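Let's take a friendly walk through this structure, from its overall form to a few individual residues. Keep the 3D view open as you read.

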Amino acid sequence: MFFVLNILFPLRKNVSYSKTITDSKGEILYSFITDDDKWRMFTELDEISPELRKAIIYKEDKYFYWHYGINPIAITRAFWNNTVQNKRTSGASTITMQVARLLYPNHRTYINKFGEMFRALQIEWCYSKDEILQLYLNLVPYGGNIEGVKSASVLYLQKQPNHLSLAEITALSIIPNRPTSLMPGKNNELITQERNKWLNRFLKEKVFDETTIKDALSETFDAKRYESPKNAAHFSFRMKNKFENDLNIETTLNAAMQRKTEVVLEDFMRTFKGQNINNASAFIIENKTMNVVAYVGSNNFFDSQNSGQVDGVNAVRQPGSTLKPLLYGMAIDKGILTPKTMISDVPINFDGYAPVNYDKKYNGYVTTETALALSLNVPAVKTLNELGVENFTNKLVDCDFQSIARQKKYLGLSVVLGGCGTTLEELTTLYAAFANDGKFQKVNFLNEVTNNKLEQIQKNKKQKTKKEPQTTNQILSPESNFMICEMMTNLERPDLPDFWQNTKNLPQIAWKTGTSYGRKDAWAIGFNDKYTVGVWVGNFNGEGVPEMTGTQNATPILFNIFKQIDSEHSRSWLKKPKDLDIRMICSASGQKPSERCENQIFDYFIPLISDNKICSHLAKVYVSENDSTSYCMDCLPTAGYKTKWLPKHSPEIIAFFESENIGFEKIPPHYAKCEHVYKNGAPVITSPNDGSVYYIDKNYPEEIQLKCQAGQDASKIFWYVNDVFLKQTGKNESLFFKPKEGRVKISCSDDLGRNSNIWFEVEFVEL
Ligand SMILES: [Zn+2]
Ligand SMILES: [Zn+2]
């Protein structure tokens, strides 16, 4: 009959619990009320201490481990007492029957009592004794909407059930019998009296040892109703949604560090509010484990006026200059650059894209390390142009940049200046790779214990584990990674916030700042050997703030967080990889010096990888004795000339020097009577025709060919249309372009800086 009933009336198993999010030490960060508005936190088996188990079983059901759900002796006794002696006796209900009653609340009639017994048998059929005890402890009432021993210990005592003293265990074991008259916080004295009655009974029957009980008797019971824990709100909500099937989500967060970080953010944002900067976020990774240890989605979750509930760690924003270190690291690994390689920082046009520096000024020649320290845009775009946009974006996709993965085919050279979408979490995870010798790993949110448990559960269910393979990806060689880390620890840089100029107090970290276009996002991301910290400051509503920068607004927060979370901040931690070497280079180019390169300095390089070319920053030129004329091999006189080595500059550098009135050693004008095809050595434009009018079909516009004859000593040709750079070609290559209507100026320069111009007219007609 039991089996028939068992099928007809299956056991209710879907009790809903309050999800709790705990930190790495088991402290509850956040607890969520159930859908039926109850605080019913799930007590794990390992949270039921032996003392709690013993006290409950002794008090409620001494034969719990011996019966099958109902205790016939107790029932007979209770029946006898109730009917024959007409006095009420409790104790007939086993723990299992109490569970049945808690699952199916009913009036206490004899019929219902039988129903309860059936359910009790059913529960014993379905669950082990430990699970039944667990169910009991999870469902017992504690007054109001508090149910279960875990909710009671957290909300009345601010403790986890496995940290309760014997006095507290005893108190909590008696409250469910009279939850309204024994309300913790209200009736603490009465609870203490009742507790002591039971403690004395424990003493008499030697349930626990004497000293423990005597200690418990003298303990004051000072429970009160605490607010439910609401810490690390953004993180907790995210974890709740991410791991929706878990009741107790044990995370990697460090509650103490979280609190410290929140305080730093709150303090700074109070001062920034006056500048109309209202939101900030921080994200911290422990490098060795890749555990997320702090996660501040916004400086004030409860500030609804400023969208405080937006999770700034996970929001897509423009990264400003924060991707530049990866770019230079990749360029070093490609052999394109070393820290002292000279890059030109002058106005330049890449097929219509003309990057400008942040301060709209240019520096002429700069080294890689200066370009990164000053966060210059032109050198970064030049480097990206050489490396290839796709190589760069592919690397970012490898590093789990999700918006970039989606936008990839639309991204161009501006990506390295922040023309893309990234999150604080993505950027901080990337920087943690710099802290880990160039090895990229994903972050962990769940602590190892939980991870193992989940794996075990999945194994038990014989499901295919959906866990993604742990990707470790060497995104930069340790050598190149070291070089960019050293560049990022360099303190001679403009992105030190004003009041940190006293470098004595600076934490020993590597860091980079960023400010997005329109001053909407201020970033500072830094790391040492232990932690990587990412900070974002801005407005969630997207409003830009003219005076906001990564330097002035995000960096001070970054420094302060490091001071708070990592007090021994004076150690040096960067270690030179063994395959990194040092060599002499020419300071004018950063290349291996030729015998004529006078200024030589030390620089790092990666053997067999770094560019090994001999410096050719000087060109051999034949000039007249008075330095007024230069010659080529065709017009070189038999006497009266000398050989000179003069610096070679690209046309864009020459244009820059000239426009800024910067003096430089020029190659003298070419011999005027030279019979070679070119005059003055400059390229002669052979197409289009100088001074002609070109009629072009409006509907099917043709392209016009650009062609020139260049000097023997030229090797590259640079084309400009209306003074805007169009393209670089080889000496004898031609190219086509689509002209606009009107007067068009074509300029053509060679790599020795000689230039010629022509003008022609374009008219669009219907043909
Ligand atoms: Zn040189
Ligand atoms: Zn000549």
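Helices (H or I, at least four residues) and strands (E, at least two) are DSSP runs here, and their numbers count from the N terminus. By that naming, Ser307 sits in the loop between S7 and helix H13 (324-333). Please bear in mind throughout that this is a predicted model.

**The chain as a whole**

The chain holds 22 helices and 27 strands. Its radius of gyration is 38 Å, well over the 27 Å that the globule rule gives for 767 residues, so the chain is more spread out than a compact globule. Along the principal axes, the C-alpha atoms fill a box of roughly 140 × 65 × 50 Å. Of the 767 residues, 52% count as buried. Among contacts with a separation of 6 or more, 67% are made by residues 24 or more positions apart. The accessible surface amounts to about 37,700 Å², and carbon and sulfur atoms contribute 50% of that area.

**The nonpolar cores**

Which residues have the most contacts inside the largest nonpolar core? They are Phe235, Leu326, Phe392, Leu430, Phe434 and Phe527, in a core of 81 residues. Helix H18 (residues 424-435) supplies the largest share of this core, with eight residues. A second, separate core has 54 residues, among them Leu139, Ala152, Tyr156 and Ala223.

Beyond its neighbours within four places in sequence, Phe527 is in contact with Tyr431, Phe434, Ala435, Cys485, Met488, Ile509, Ala510, Thr532, Phe562 and Trp573.

Helix H11 (residues 233-242) is worth a visit too. Its buried residues are Ala233, His234, Phe235, Ser236, Arg238 and Met239. These buried residues pack against strand S1 (20-22), strand S2 (28-31), strand S5 (248-250), strand S7 (291-296) and H18.

H18 also contains Thr429. With 7% relative accessibility, Thr429 counts as buried. Leaving out residues within four places in sequence, the contacts of Thr429 are Phe283, Ile285, Met290, Phe440, Gln441 and Val443.

**The zinc site**

Which residues coordinate the zinc ion (ligand 1)? The donors are Cys586 (SG), Cys597 (SG), Cys615 (SG) and His617 (ND1), at 2.1 to 2.3 Å. The angles among the four donor atoms run from 97 to 118 degrees, and the site is tetrahedral. For comparison, the ideal angle for four tetrahedral donors is 109.5 degrees. Along the sequence, the donor residues follow the spacing C-x10-C-x17-C-x1-H.

Within this site, the pair Cys597 and Cys615 links distant parts of the chain, 18 residues apart. Cys597 belongs to the loop between strand S15 (581-586) and strand S16 (600-605), while Cys615 belongs to the loop between S16 and strand S17 (618-624). Both cysteines, Cys597 and Cys615, are buried.

**A closer look at single residues**

| Residue | Relative accessibility | Class |
|---|---|---|
| Gln474 | 39% | partly exposed |
| Asn276 | 31% | partly exposed |
| Ser307 | 32% | partly exposed |
| Asp566 | 3% | buried |

Asn276 has a phi near 65 degrees, a positive value in a residue other than glycine. Asn276 is found in the loop between helix H12 (255-272) and strand S6 (279-286). Ser307, which is not a glycine either, has a positive phi of about 50 degrees.

Where is Gln474 found? It is in strand S11 (residues 472-474). Gln474 and Gly438 are 36 residues apart in sequence, and their C-alpha atoms are 5.6 Å apart in space. Not counting residues up to four places away in sequence, Gln474 touches Lys395, Asp437, Gly438 and Lys439.

Asp566 lies in the loop between helix H21 (550-565) and S15. Buried means under 20% relative accessible area; Asp566, with a relative accessible area of 3%, is therefore buried. Residues up to four places away in sequence aside, Asp566 touches Asn528, Lys530, Tyr531 and Arg571. Asp566 and Pro478 are 88 residues apart in sequence and 25 Å apart in space, C-alpha to C-alpha.

Conventions: Residues are numbered from 1 along each chain as its sequence is written. Chains are lettered from A and ligands numbered from 1 in the order in which they are written. This is a predicted model: local features need pLDDT of at least 70, side-chain atom pairs count only at pLDDT 80 or more; totals for chains, interfaces and linings use all residues. Side-chain values use heavy atoms; hydrogens and water are left out. Donors are N, O and S atoms within 2.8 Å of the metal (3.2 Å for Na, K and Ca); water is not among the atoms, so sites may look incomplete. Four donors count as tetrahedral if all angles lie between 85 and 135 degrees; four count as square planar and six as octahedral if opposite donors are over 155 degrees apart and all others between 65 and 115; anything else is irregular. Buried means under 20% relative accessible area, exposed over 50%, partly exposed in between (1.4 Å probe, protein chains only). The radius of gyration is taken over C-alpha atoms; the globule rule is 2.2 Å times the number of residues to the power 0.38. Contact means heavy atoms within 4.5 Å. Accessible areas come from the Shrake-Rupley method with a 1.4 Å probe; for residues, only the protein chains shown count as cover. A nonpolar core is a set of buried Ala, Val, Leu, Ile, Met, Phe, Trp, Tyr and Cys residues joined through side-chain atoms within 4.5 Å.
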